[in-house]
Amino acid sequence: MEIEQILDLIYPLPELSKLKLQNCVKEVNYPKGHILLRADKIETTIYFIRKGIARAYANRDDNEVTFWFGKEGDTVLSMKSYVANQKGYEDIELLEDCDLYELKSEKIQKLFEEDIHIANWGRKFAEKELVKTEERLISRQFRTATERYKELLTDYPHLIQRVQLGYIASYLGISQVSLSRIRAEIK
């Protein structure tokens, strides 16, 4: 997915503003297994996934809990670092070799001050991330594991072929045995 498409998915920008933002972005590539962002660190880089898949997880009682997957077109960042300039709580691991667009936080903050269209783009980005987080929280609190799995299949149909089942089970808040049972019931 090209950077223009990704930016427009968040919020359409006038061409001049889009060019300013694109000029601050560079392409980078990292291999499968690379830890892109680290917990307990203020992260100063934002990534957009051109090609590949990533997961965010936190360590809890010597156990990794996956709480987010990112695919082509998604943004990868520590929201806590981005918004509050504080240490994040998540590690973000690449689950495939990834082509990414990289944007430094200080550059985007400067653009927010200089260009109202880019500032509005940033606001829309934060609003969309808030809604996604809210939907995830509501799903986890009020839907059964089977309903959450079906929702995952609807929202991310190719994820099952691209991600280890252990990560998917963790994301759903269930064991791999429960996930296997749910998958057998649905077929």
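The dialogue below takes up the pockets and then the helix pairs.

Author: Please keep in mind throughout that this is a predicted model.

Reader: How is empty space in a protein found?

Author: Rolling a probe the size of a water molecule over the atoms shows where empty space is left. In this model, the largest pocket has a volume of about 980 Å³. Its lining comprises 34 residues, and those closest to the centre are Phe67, Trp68, Lys132, Thr133 and Arg136.

Reader: Which helices and strands each supply at least two residues of that lining?

Author: They are strands E5 (63-70) and E6 (75-76), together with helices H3 (79-84), H5 (116-142), H6 (145-155) and H8 (165-172). The largest share comes from H5, with 11 residues.

Reader: What is the make-up of the lining of the largest pocket by class?

Author: There are 18 nonpolar, 13 charged and three polar residues in the lining of the largest pocket.

Reader: What volume does the second largest pocket have, and which residues line it?

Author: The volume of the second largest pocket is about 230 Å³. Among its lining residues are Ile6, Leu9 and Ile10, the residues Lys71, Glu72, Gly73, Asp74 and Thr75, and also Phe125 and Lys132. Helix H1 (3-10) and H5 each supply at least two residues of this lining, and H5 gives the most, with four. By class, the lining of the second largest pocket has six charged, four nonpolar and two polar residues.

Reader: How should I read the packing of two helices?

Author: Two packed helices are described by the angle between their axes and the distance between the axes. For H1 and helix H2 (residues 15-22), the axes come within 11 Å and cross at roughly 120°. H1 and H2 are therefore oblique to each other. The crossing in which H1 passes H2 is right-handed.

Reader: Which residues of H1 and H2 meet?

Author: On the H1 side they are Ile3, Glu4, Leu7 and Asp8, and these meet Lys18, Leu21 and Gln22 in H2. The residues of this contact divide into three nonpolar, three charged and one polar.

Reader: At what angle do H8 and H9 pack?

Author: H8 and helix H9 (residues 176-186) pack at about 95°, and their axes are 9 Å apart. That angle makes H8 roughly perpendicular to H9. From H8, the residues Leu165, Gly166, Ile168, Ala169 and Leu172 meet Gln176, Leu179 and Arg183 in H9. The contact of H8 with H9 consists of five nonpolar, two polar and one charged residue.

Key:
Residues numbered from 1 in each chain as written. Predicted model: local features only at pLDDT ≥ 70, side-chain atom pairs only at ≥ 80, totals over all residues. Heavy atoms only, no water. 1 Å grid on protein atoms, 1.4 Å probe; cavity = no way out; pocket = protein on both sides within 12 Å on 5 of 7 lines; lining within 4 Å. Points joined across faces, edges and corners; volume = space filled by probe spheres on them. Nonpolar A, V, L, I, M, F, W, Y, C, P; charged D, E, K, R; others polar. Axes fitted to C-alpha atoms, helices over the stretch in contact; angles between N-to-C directions. Parallel < 35°, antiparallel > 145°, perpendicular 65-115°, else oblique. Left-handed = near helix turned anticlockwise from the far one by under 90°. Contact = heavy atoms within 4.5 Å.
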